[in-house]
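Hello,

Here is the structure I promised to pass on to you. Have a look at it first, and then read my notes below.

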Amino acid sequence: MALASILRNASRVQAGALPRFFFKPASVAVNRNFSSSLCPNYATFNKNSNLNLGLFVPHSKILIAPQARMMSGDHSRLWPIEKALSVSLLVLVPAAIASPHFILDNLLAVAAVAHFHWGLEAVVIDYARPIVVGNVLAKLALFLLYIISATTLGGLIYYNVNEDGIGQTIRQFWAIKGSGKEKTADSSGSEKK
Amino acid sequence: MATFFRLGSRQVLNHFLRNEKVGMLSLVRPVTLKAQPACPPKEMGHDERNMKLGRPQSPHLTIYAPQLTSMLSISHRATGMILAGYTIMWGLGAVVLPDSISCYLEDLAAANVSSILLCGTKFMLAFPMTYHFWNGIRHLMWDMGLFLTLKEVYATGYVMLILALGSAIALVSM
């Protein structure tokens, strides 16, 4: 009789007390963990989200992480401009030397500087990478390139405005003949920069 | 009697199991499984990962046999850099030099230096230009989707080399 009651009570304990005991601290633990700083997004999630939608907001914020890119921005728009510039240089360089003209000289100066600036920018980005030379030096190299390109453009336009111009100067240099053999100065077109 | 035993055993069992200090269940640690947002893997760049693994840089230049394709490609960049250097020297020279460049050219003409030196200088100026010019056309053709088979890449490469050298020599001898 006593044994029967003990067994019955034991079974009641197992059925009633044990689950209550396990579940109650469990829910406390859940509350404690969620309110602690273990979940960094919980604070923002709590502040600026509704109950249902909020669960997914920190998720999507994490999954769409910014990707590290070598090139900044979208290069697909600049690319056709670069190609058009290259094609224009195929015409400009011979033309500016064949028939020196103020407008051609300045067009050549702008096109050449833009062309070499983009080319050297690719060179700097390829070789002066932050992982190789450090963040500071990589940025400094790019900054220096901008300074050099701007100064060169200014210098070339200054030269075109105040002095002979690019095409005429190339012709003048090409007309110089050395002492070894005598040649007549040829003034036909050439495509030297 | 039965009620007594029932009450007593319940208290004993409760004490035995649920007492905070001596109860058996105080030894059981509650474990919670908690859903957490997935952490994205650590962002590691291509170079960073390869450096960490000790891999050589690709292309592995010290073991790679030089090929026409790669050599023409890198020399396109090299000639472009040379031409950029000439242009930068010109632009900065126009700003920095005390006299105009044509004055120096007149001095050079008056100095009557040897023609070999002059021709060498002209070739150094002309060849990067012609090379970059003709190979640039080759690159623009590729950009338009032309001559992209390996055979055509080699063929245009040889044609470009001949054109570049020939036009440079022609320019120098002008």
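Predicted model: local features only at pLDDT ≥ 70, side-chain atom pairs only at ≥ 80, totals over all residues.

Two elements of chain A give two or more residues each: helix H6 (130-133) and helix H7 (135-162). The most comes from H7(A), with 4 residues.

Next, the UniProt record. The entry, which is unreviewed, annotates residues 84-103 and 140-159 of chain A as "transmembrane region". How much of each span is helix in the model? For residues 84-103 of chain A the share is 85% helix and 0% strand, and the end C-alpha atoms lie 19 Å apart. For residues 140-159 of chain A the span is 100% helix and 0% strand, with end C-alpha atoms 28 Å apart.

Finally, please look at Lys122(B), which sits in helix H5 (residues 115-143) of chain B. Is this lysine, Lys122(B), buried or exposed? Lys122(B) is buried, because its relative accessible area is 2%, and buried means under 20%. Leaving aside neighbours within four places in sequence, Lys122(B) is in contact with Phe173(A), Trp174(A), Ile176(A) and Lys177(A) from chain A, and with Val172(B) from chain B.

Enjoy exploring, and write back with any questions.

Best wishes

Terms used:
Residues numbered from 1 in each chain as written. Chains lettered and ligands numbered in written order. Heavy atoms only, no water. UniProt positions renumbered as here; feature names shortened; annotations may be inferred. Buried < 20%, exposed > 50% of the residue type's maximum accessible area, 1.4 Å probe, protein only. Contact = heavy atoms within 4.5 Å.
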